[in-house]
Each structure stands twice: as structure tokens, then as C-alpha cells.
Amino acid sequence: MNDLTPIKPSTPKDWETDQEVRWCPGCGDYAILKAVQRTMPEIGATPENTVFVSGIGCSSRFPYYMETYGFHTIHGRAPAVATGSSSPIPISTCGSSPATATRCRSAATIRCICSDGI
């Protein structure tokens, strides 16, 4: 009989990269990054099944700071890239405009996170 190996739940550390975070001292993006890194394991997401899509601006460096798949797109195109992704994995959108959290739909499960460059 084949036994399935139980899936080990992820931890916030599993979502951190080795990239130096380059935001201004005191920027609210630090808090957003840490909150997302803590929340993703709590909702049962796994880094290998998650994509972050961003637009432009400081907050859009977000995909580089998450140990996941990621796309850095041009202004206003993050929703289109997330929607057009043919990958059957959960996709999160993070961008420099509140509009990035609109029109999120696809065959894949899409979780939208919007940061307005706090």
C-alpha cells in the first residue's frame, strides 16, 4: 500500500527571500511584507503554489521579497497579467494602485492583496 507523505505546513520563514529589502526607513511596506509572510501560512497557502504580480513603484518590489513565483509588470497591467496567467495555482496581486485589486478572475484561484505604496 502506498502511504502519502503528509504535507508540512509552511511557516513565515518559508516565505522570506535572501534579498535585501530596499524600502525607506519607516515605510509601511515593511509591515505589509511581514503581515503577508505571517498570514500566508495561516490561510494554508504554500510558496511553491503562489504567484505575486506587481505593477510599478516601491511597493511593487514585493515579489522580490517573497519566496514564491512572481511577475513585475508595467503600470496598470498587474490585473491583466494575473488574470491571463494560465497557471493553475493561487495568484496574489500587489501593486501601486487600488485598481490592481479589481477585475481579478481566472480559472486559477486568485487572492488579491492591494498595497497603495503606503
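A residue is called buried when its relative accessible area is under 20%, exposed when the value is over 50%, and partly exposed in between (1.4 Å probe, protein chains only). This is a predicted model, in which local features need pLDDT of at least 70, side-chain atom pairs count only at pLDDT 80 or more, and totals for chains, interfaces and linings use all residues. Residues are numbered from 1 along each chain as its sequence is written, and side-chain values use heavy atoms, leaving out hydrogens and water.

**Exercise 1. Find the salt bridges and say which residues they join into one network.**

Step 1. Recall that a salt bridge is a side-chain nitrogen of Lys or Arg within 4 Å of a carboxyl oxygen of Asp or Glu. The structure has three of them.

Step 2. Start with Glu 20 and Arg 22, whose side chains meet at 3.5 Å, N to O. Glu 20 is exposed, at 54% relative accessible area, and Arg 22 is exposed too, at 54%.

Step 3. Turn to Glu 16, which is partly exposed at 26%. Its salt bridge with Lys 13 has the closest N and O atoms 3.3 Å apart, and the one with Lys 34 has them 3.5 Å apart. Lys 34 sits in helix H1 and Glu 16 in the segment before H1, 18 residues apart. Helices (H or I, at least four residues) and strands (E, at least two) are DSSP runs, numbered from the N terminus.

Step 4. Through shared partners, Lys 13, Glu 16 and Lys 34 make up one network.

**Exercise 2. Describe how the rings of Trp 23 and Tyr 65 meet.**

Step 1. Rings of Phe, Tyr and Trp (its six-membered ring) pair if their centres lie within 6.5 Å; planes under 30 degrees apart are stacked, over 60 edge-to-face, and the rest tilted.

Step 2. The centres of these two rings are 5.0 Å apart and the planes stand at 85°, so the pair is edge-to-face.

Step 3. Trp 23 is buried at 7%, and Tyr 65 is buried at 5%.

**Exercise 3. Is Ser 54 buried or exposed?**

Step 1. Locate Ser 54 in strand S1, residues 51-54.

Step 2. Its relative accessibility is 0%, so Ser 54 counts as buried.

Step 3. Look at the directions: Phe 52 and Ser 54 point one way from S1, while Val 51 and Val 53 point the other way.
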